[in-house]
Amino acid sequence: MTVRATSRGAQRTSLEGTRAEVLICGASFAGLAVARELAGSEASVLVLDRYEIGERQTSACACPTPWLEALGLTDSIKQELPYMSFTTPGGSARYRLPWSWSSFDYRRLCELLWDQCGQARFETAKVESVGEQQADGTINVITDRGTISAPLVVDALGWRRVLSSPHYQPPQAPLSRGLEVHPEHDGSGDALDIWIERSMVRRGYGWRVPAGDEARIGVGSYDPTQHVKEPTVALAERLDRDAVAYQGNWFPHRLRDGTEDGIFFAGDSAGHCFPLSGEGIRTAFYFGIACGRELRAVVDGGSDRAAALVSYERFNAAHKRPFAIALALQRLIPALPPRLLTAVLSLIGNQRIVDRAFGWYLDQAAPQFVGAVPAASADESRGLTGAHR
Ligand SMILES: Cc1cc2nc3c(=O)[nH]c(=O)nc-3n(C[C@H](O)[C@H](O)[C@H](O)COP(=O)(O)OP(=O)(O)OC[C@H]3O[C@@H](n4cnc5c(N)ncnc54)[C@H](O)[C@@H]3O)c2cc1C
C-alpha cells in the first residue's frame, strides 16, 4: 500500500482563497511538462497533486530514449532496451528498433523534471471538482484544502478527467486496465518483451520491462471488464519471478477533447495514451509541452485564453488520425487467428519494415518537438526538498 508522505490533519493548512495565474492539477508526466514550459515566465504557477512529486509510480515507466535525452532526463534511466520481442502461441519475433526504449526511475525522473520548472510552487491537495466560473472568467477549483482560483487551469490528473463532468468511470468508459508486479531483477536483458496470447488475456497483451534491479511484469486488457490479476501472476510464475509489489491502474484508449469549459486537458485526462501500445508517457510529455506553450503565450502577453483554447484544441484534433489507426489495430490484432498474427510478426521482422513502422510510430509524437530547454536558469533549479515553496 502506498504510504503518503503528505502531511495530514492539523498540519495541512487551508489553501482557501489561493489565487494563481496558472493552476496545474496533477504533477506527473503531463502536469510537469506543462509547468516546465512556464519556467522563466513572470506568471505565478501552482501545481497540485494528492501525492508528493514522484511519490507514486503510475506505470511500467518505459519511454523512448530519445525523449528522455531531449528532456534532459537520462539520469533517471535504469536500463536501455534497444530490442522488442513479441511472443504469440505460434512463436517469437525479435526486432532491433531504430530507436531504443529506456526504463526509468519514476521518482528520479519527476525530480529532474521539477528541477526544470523554475519558480512554480507545489502543494499537495486532492482535487475534487470544478466550481463556478467567476464573471471575469476565473475558474474555481475545489480541493480538500479549499477552493483555489486561476484564469488558466490544466487538468493533468489522469484517466478520470476529474475537472470534467461527468468523469470517466470504468467499466463503461473507453478505458483499458493494467496490472503489474515488480520482482527483483539482475539487470540482464536488452529487450522490452511482449506476449500476445488469448489464453493469457482475450484482448490485450502481457509485458516484461527489465529495469536494472527490478523487472516490471504485467498484463493489460483493452476490455475494462476483464480482470488481469490472475494472468499477471501467471506470467510472473512463467518467468520464474515472484508476484510482488503490485501496481495497477486504468488507461484511456480513445482520444478525448483537449479543452472543455475553459479548462485545458493534457495526458491521460485527454486520452493522450496511444491505443494498442498503451504508451502514454511520451504523449503526456508531448501534449503537456504543447499545452504549456499555449499558456506561456498567454502569460507573456502574446495571446489570450480564448485563442489558446482554440489553438490547443486544434493541435489536439490534428492527431485524430494516428490515434484512430492505433485504435483500429487495437481492435484488429486480438481478432487475428494466432497463426496469421505469427506470420505477420515474422514478416515485419524485415529490418527495413521495422525501421519504417517504428519510425512512423515515434514520429507521431517526435522528440524533436521538445526543442530547447525553456528559460529556467540553473540558479532557479532546485531539488524536491524545496518542493513546497
Ligand atoms: C500498469 C500500467 C503500466 C504502464 N506502463 C507504461 C509504460 O511503460 N510506458 C508508457 O508510456 N505508458 C505506460 N502506461 C500508461 C501511462 O501510465 C499513462 O499514460 C501516463 O501515466 C499518463 O500520464 P499523466 O501525467 O497524464 O497521468 P498520471 O501519470 O496518471 O498522473 C496523474 C497525476 O494526477 C494525480 N491525481 C489523480 N487524481 C488526483 C486528484 N483527484 N487530486 C490530486 N491529484 C490527483 C496523481 O497522483 C498523478 O500524480 C502504463 C499504464 C499502466 C496502468
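## Terms and model

Two residues count as in contact if their C-beta atoms, placed from the backbone, lie within 7 Å. The structure described here is a predicted model.

## Helices on the sheet

Helix α8, residues 338–348, lies across β4 and β5. Its direction makes an angle of about 130° with β4. A further helix, α9, covers residues 351–363 and lies across β3 and β5. Helix α9 runs at about 35° to β5.

## The sheet

The strands β3, β4 and β5 belong to an open sheet of 8 strands with mixed pairing. The order across this sheet is β3-β5-β4-β12-β13-β14-β11-β15. Its edges are formed by β3 and β15; each has a single partner strand, so one side of each is left without a neighbour in the sheet. On average, neighbouring strands are turned by 30° against each other, direction ignored.

Within the sheet, β4 (residues 77–88) pairs with β5 (residues 91–104) in the antiparallel sense, over 10 bridges.

## Around the ligand

The shell around the ligand has 39 residues. S28, S59, G158, G267 and G280 are the ones that come nearest. By class, 18 residues of the shell are nonpolar, 13 are polar and 8 are charged.

Methods. Residues are numbered from 1 along each chain as its sequence is written. This is a predicted model: local features need pLDDT of at least 70, side-chain atom pairs count only at pLDDT 80 or more; totals for chains, interfaces and linings use all residues. A residue is near a molecule or strand if its C-beta atom, placed from the backbone, lies within 6 Å of it. Ala, Val, Leu, Ile, Met, Phe, Trp, Tyr, Cys and Pro count as nonpolar, Asp, Glu, Lys and Arg as charged, and the others, Gly among them, as polar. Two strands pair if DSSP finds at least two bridges between them. Helices (H or I, at least four residues) and strands (E, at least two) are DSSP runs, numbered from the N terminus. Axes are lines fitted to C-alpha atoms, for helices over the stretch in contact, and angles run from 0 to 180 degrees between N-to-C directions.
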